[in-house]
Amino acid sequence: MSSLRRLIETIQKSKRVLVGTHIDPDCDGICAALVCGYLVHYYKGRKPVLYCSSPIPSKFHFLMGNWKFVRRIPDFDLLIAVDSAGISRVFPHVDEPMREGLISKSIVNIDHHRSNNAFGRVSIVDEHASSTCEILYRIFKRLHIKINRFVADNLYCGLYSDTGGFVYPNTSKKALKIATELVGLGVKPTSLVKRLNVKTLAGTLLLSEVLRTIEIKHGIGSMYLTQKMLRKSRGEMVDSENFVSFLQAIGGVRVSLFLREERHGTRVSLRSDGIIDVDRLARRYGGGGHRLAAGLRMQHNITTAKEKMFSALLKEMRRKA
Ligand SMILES: [Mn+2]
């Protein structure tokens, strides 16, 4: 049986469906969850619960229509995990025995991360897809489900943001063709993109603090964000989601390292122009992502994390050279 048939059968058989996206959700993760919510409603005539362990950043609220996400795990018998390379991305804060219990339920896994280990009973993973929304578009097409404006807007936003506005190397002919079709269905790119890219003054002041920390050595650009900067600028962590692109845009920077101080350790974002595979490196530290963009978390403080990551990146670059 095809995985699509199994997907539909599983949805129809289940009583309580939970659609879960990953911690620190990005636009693709949120939009994919909303589109999946619509899909489940289409087959069951009843809305599933949407779940995310983090709050949904307010700039994405306009995409949600009359949907909302819960942060407490409700009782469920089917989980559809979207845009999540592993189950711990959906349930990061639960302890091992509890996670085992959650995993024992029926799971559908829809994702495009290369580090996805095909968990779940039904696994629809395509690492060559630009975004999880691209995979969902194909699912809608194959099932001949009409794409209404709500779905079209969400698919477009997922595609747009995971391709960095149709400029990253994952901007394939397929992705552009889908975008064209979505515009044909009524999507208004100008107004959607304006809302997606809107900045707050506090977030912009935070950026100016972070940019001051830039250091470039041996083709590796690094910068960091501390809790103190957050307080000073009154910005929020979510404001810094795309900061690393400023670093990677600097001429001569081949690899970027962006460190963010969290309550218990450091969050690390990595970008590469192709000289090294940052997904492979991130996986060594329990993280992952894509070949040119990946992330991980370390228990160390920002200074130690920076030293460790810098030398790991340098070693990797010298090995490739
Ligand atoms: Mn994605």
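Q: Which domains does the assignment give for the chain?
A: This is a predicted model. The domain assignment gives domain 1, residues 3–195, and domain 2, residues 201–320.

Q: What separates their centres?
A: The centres of domain 1 and domain 2, taken over C-alpha atoms, are 26 Å apart.

Q: And how many residues does each domain put into the contact?
A: Domain 1 gives 7 residues and domain 2 gives 9 residues.

Q: What kinds of residues are on the domain 1 side that touches domain 2?
A: A mix. That side has 3 nonpolar, 2 polar and 2 charged residues.

Q: Switching to sheets. What is the strand order in the open sheet with 6 strands?
A: The order is E7-E8-E9-E10-E12-E11, and the pairing is mixed.

Q: Which strands stand at the edges?
A: E7 (215–217) and E11 do. Each has a single partner strand, so one side of each is left without a neighbour in the sheet.

Q: Tell me about E12. Where is it, and how many of its residues are buried?
A: E12 covers residues 293–298. It is mostly covered, with 5 of its 6 residues buried.

Q: How does E10 pair with E12, parallel or antiparallel?
A: Antiparallel. Strand E10, residues 265–272, is joined to E12 by 6 bridges.

Q: Which residue of E12 does Thr266 stand opposite?
A: Thr266 stands opposite Met298.

Q: And how many bridges join E11 to E12?
A: There are 2 bridges between E11, residues 288–289, and E12, and these strands also run antiparallel. Gly288 has Gly295 in E12 as its bridge partner.

Q: What do E11 and E12 form together?
A: A hairpin, with 3 residues between the two strands.

Q: What about E8 and E9, parallel or antiparallel?
A: Parallel. E8 (residues 220–225) and E9 (residues 255–262) pair over 6 bridges. In that pairing, Met223 has Phe258 in E9 as its bridge partner.

Q: Now a helix. What should H7 span, and what does the model give?
A: H7 is residues 173–184, so 12 residues. At 1.5 Å a residue it should span 16 Å. Its end C-alpha atoms are 17 Å apart, which agrees.

Q: Which H7 residues are buried?
A: Ala175, Ile178, Ala179 and Leu182 are buried in H7.

Q: Where do they sit around the axis?
A: Seen down the axis of H7, the buried residues fall within an arc of 100°, so they line one face of the helix.

Q: What covers them?
A: The cover for the buried residues of H7 includes helix H5 (132–142) and helix H6 (149–162).

Q: And which exposed residues does the face turned away carry?
A: Lys173, Lys177, Thr180 and Gly184 are the exposed residues on that face of H7.

Q: What follows H7?
A: Gly186 follows H7, and its phi is positive, near 115°.

Q: Last topic: Val49. Which strand is it in?
A: Val49 is in strand E2, residues 49–51.

Q: Is that residue buried or exposed?
A: Buried. Val49 has 20 other C-beta atoms within 10 Å, and the cut-off for buried is 20 or more.

Q: Which residues does Val49 touch, leaving out those up to four places away in sequence?
A: Val49 touches Leu18, Val70 and Pro74.

Q: And what about Lys68, how far are the C-alpha atoms of Val49 and Lys68 separated?
A: By 8.2 Å, and the two residues are 19 residues apart along the chain.

Terms used
Residues are numbered from 1 along each chain as its sequence is written. This is a predicted model: local features need pLDDT of at least 70, side-chain atom pairs count only at pLDDT 80 or more; totals for chains, interfaces and linings use all residues. Domain bounds come from an automatic or database domain assignment. Two residues are in contact if their C-beta atoms, placed from the backbone, lie within 7 Å. Ala, Val, Leu, Ile, Met, Phe, Trp, Tyr, Cys and Pro count as nonpolar, Asp, Glu, Lys and Arg as charged, and the others, Gly among them, as polar. A residue is buried if 20 or more other C-beta atoms lie within 10 Å of its own, exposed if 12 or fewer, and partly exposed in between; C-beta atoms are placed from the backbone. Helices (H or I, at least four residues) and strands (E, at least two) are DSSP runs, numbered from the N terminus. Two strands pair if DSSP finds at least two bridges between them. The expected span of a helix is 1.5 Å times one less than its number of residues. The arc is that of the directions from the helix axis to the C-beta atoms.
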